[in-house]
Amino acid sequence: MTKMQRINMKTVGSPSVLFIENAAIPEPKSDELLIKVAFAGVNRPDILQRQGLYPMPKGVTPIMGLELSGEVVKVGATVKNFKIGDPVCALTDGGAYAEYCVVKAGQTLPIPSGYTLQEAAMLPETFFTVWVNLFMYNQMKVGESLLVHGGSSGIGISALTIAKSLGIKTFATVGNEEKCRVVAQLGATAINYKTENFVDAIRQRQDGVDGVLDLVGARYFEQNLDLLNKDGSIFLVGFMGGNLAKEVDLLKIAVKRATITGSTMRGRSAEEKAEIAQSLLKNVWGKLASSDIAKPILHQCYDFKKVQQAHIEIDKGTHIGKILLAFNG
């Protein structure tokens with residue numbers, strides 16, 4: 001078999017621009033694996049790409065899909081750690097919206113013990129992002145406190161579960177009472193931002209927080225800074241509330257000795273992604289296997305031919321946890 005089905009887009013726009021097409025099955029390079037895709041994650045960068053708002057790195061495939069799980073069916077000549085038939089999950093450079101996908105071996109991980117392929121497909125994009133931004137370099141430490149905006153998103157849930165396993169106190173903003181219940185079960189103090197001011201809600205309990213994981217961006221920046229303890233950090237990984245913060249008091253940043261970082265995953269080099277993968281394998285995969293870190297939450301899994309419905313669902317912004325596409329799962 002030389003042909004496969006994949007999801008492409010006619011132009012930028014609404015979910016209606018997505019369509020199924022036939023394409024050649026790609027060949028892995030010497031440092032790559034060809035994976036028969038079982039499940040692929042649907043993530044916010046996919047939505048931004050569909051809308052024409054995602055800055056695409058040079059040389060990457062225009063096919064969406066940044067994470068997957070599946071079975072290795074071909075192994076590049078220089079790859080040592082994987083063999084044909086291995087069940088794996090991986091952070092891709094794009095291309096997971098397809099029946100087959102080539103992935104750098106360095107960005108591929110074994111399925112954690114006790115995990116299904118469906119469960120493992122929900123790990124790579126959020127765990128790579130959260131781990132490198134908050135924990136890999138000991139940015140957040142035992143005994144500190146972390147505020148997570150968008151606590152019921154895939155990124156938010158991953159951050160809360162990892163933080164809990166590391167002894168870090170957590171707060172999470174969410175938009176309804178059902179989401180409050182979910183993040184409370186993950187050990188966080190839940191704050192409904194529609195009915196409470198999150199700064200006041202936290203200050204009723206303590207002076208401030210040592211870290212803020214922010215998927216909102218400009219709309220919350222001033223409040224995040226107000227709430228930050230001295231030597232605290234703001235980690236910017238999303239901009240759902242805009243990317244232009246106006247009237248920022250730079251003196252406050254200096255007085256608080258605040259660290260403000262931002263990053264995207266897709267633009268990182270293969271070497272950087274491989275380093276994150278090895279750190280996850282060493283420090284996190286065992287915690288997943290032993291259930292020290294709770295399993296990810298599945299909102300809904302769609303057959304890949306219903307990709308438009310999957311994008312409509314994530315566009316609503318009401319989901320809790322991850323949305324997946326099933327290919328060969």
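Author: We begin with burial, where buried means under 20% relative accessible area, exposed over 50% and partly exposed in between, with a 1.4 Å probe and protein chains only. Helices (H or I, at least four residues) and strands (E, at least two) are DSSP runs, numbered from the N terminus. This is a predicted model, in which local features need pLDDT of at least 70 and side-chain atom pairs count only at pLDDT 80 or more, while totals for chains, interfaces and linings use all residues. Residues are numbered from 1 along each chain as its sequence is written, and side-chain values use heavy atoms, with hydrogens and water left out.

Reader: Which residues of helix H7 are buried?

Author: In helix H7, which spans residues 218–227, the buried residues are Ala218, Tyr220, Phe221, Asn224, Leu225 and Leu227. They cover an arc of only 155° around the axis (taken from the directions from the helix axis to the C-beta atoms), which puts them on the same side of H7. Arg219 and Glu222, on the other side of H7, are exposed.

Reader: What do the buried residues of H7 pack against?

Author: Contact here means heavy atoms within 4.5 Å. By that criterion the buried residues of H7 pack against strand S8 (145–149), helix H6 (198–203), strand S11 (209–214), strand S12 (228–236), helix H8 (250–255) and strand S13 (259–262).

Reader: Taking strand S8 from that list, how many of its residues are buried?

Author: For S8 the count is 5 of the 5 residues, so the strand is largely enclosed by the rest of the structure. Both of its faces are covered, with Ser145, Leu147 and His149 buried on one side and Leu146 and Val148 buried on the other. Two strands pair if DSSP finds at least two bridges between them; S8 and S9 run parallel and are joined by 5 bridges, and the partner of His149 in S9 is Thr173. Thr170 also belongs to strand S9 and is buried, with a relative accessible area of 3%. Not counting residues up to four places away in sequence, Thr170 touches Leu146, Leu160, Ala163, Gly187, Ala188 and Thr189.

Reader: How should I read pockets and cavities?

Author: On a 1 Å grid over the protein atoms alone, a cavity is a set of points where a 1.4 Å probe fits but cannot get out, whereas a pocket is an open set with protein on both sides within 12 Å along at least five of seven lines, and lining residues have an atom within 4 Å of a point. Grid points are joined across faces, edges and corners, and a volume is the space filled by probe spheres set on the points. The largest pocket holds about 1200 Å³ of space. Its lining has 50 residues, of which Arg44, Ser153, Leu215, Gly238 and Met240 lie nearest its centre. Helix H1 (44–50), helix H3 (124–135), helix H4 (154–165), strand S9 (169–174), H7 and strand S15 (322–326) are the elements that give two or more residues to this lining.

Reader: Where does the largest share of the lining of the largest cavity come from?

Author: That share, 4 residues, comes from H4. The search of the whole structure finds 1 cavity of 30 Å³ or more, and the largest cavity has a volume of about 60 Å³. Among the residues that line the largest cavity are Met122, Phe127, Ile157, Thr161 and Lys322.

Reader: Which residues is Gly242 in contact with, leaving aside its neighbours within four places in sequence?

Author: Those contacts of Gly242 are Val216, Gly217 and Ala218. Gly242 lies in the loop between S12 and H8 and is partly exposed, with a relative accessible area of 28%. The C-alpha atoms of Gly242 and Leu215, 27 residues apart along the chain, are separated by 9.9 Å.
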